[in-house]
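I am opening my notebook on this protein to write down, step by step, what I looked up in it. I begin with the terms and then go to the strands.

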Amino acid sequence: MLAAMSDARTEPPPNAAPQGWCVCGQKVPIADAREVTLPNGKPGWEGYCPECGAPLFAIRRKTASD
Ligand SMILES: [Zn+2]
């Protein structure tokens, strides 16, 4: 399990492409990302990995300016 600590590392700007962890083991910008609602009701992104082409999903963070 990864202990994902969000320190002051490189945070993408809000208007950047959503990123997700791919099965190929790297954090990649989700290609062709579109907003979806996950089966558990949470907002998410659906797209694919630009590196290996695998389908990619990510939880969509709530926007602070909403
Ligand atoms: Zn990949």
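Before reading any pairing, I noted that two strands pair if DSSP finds at least two bridges between them. Helices (H or I, at least four residues) and strands (E, at least two) are DSSP runs, numbered from the N terminus. I also kept in mind that this is a predicted model, where local features need pLDDT of at least 70 and side-chain atom pairs count only at pLDDT 80 or more, while totals for chains, interfaces and linings use all residues. Residues are numbered from 1 along each chain as its sequence is written.

**Entry 1: overall content.** I looked up the elements and found five strands and zero helices, so that I could write the pattern along the sequence as β-β-β-β-β.

**Entry 2: the sheet.** I found an open sheet of three strands, in the order β3-β4-β5, with antiparallel pairing. Because β3 (31–37) and β5 (55–59) stand at the edges with a single partner strand each, one side of each is left without a neighbour in the sheet. On average, and with direction ignored, neighbouring strands of this sheet are turned by 25° against each other; the axes behind this angle are lines fitted to C-alpha atoms, and angles run from 0 to 180 degrees between N-to-C directions.

**Entry 3: β3 with β4.** Five bridges hold the antiparallel pairing of β3 with β4, which covers residues 43–48.

**Entry 4: β4 with β5.** These strands run antiparallel and are joined by five bridges, with glycine 47 standing opposite leucine 56 in β5. Their hairpin has six residues between the strands, and glycine 53 in the turn has a positive phi of about 80°.

**Entry 5: arginine 60.** Leaving aside neighbours within four places in sequence, arginine 60 is in contact (C-beta atoms, placed from the backbone, within 7 Å) with Pro18, Glu35, Pro43, Gly44 and Trp45.

Methods. Two residues are in contact if their C-beta atoms, placed from the backbone, lie within 7 Å.
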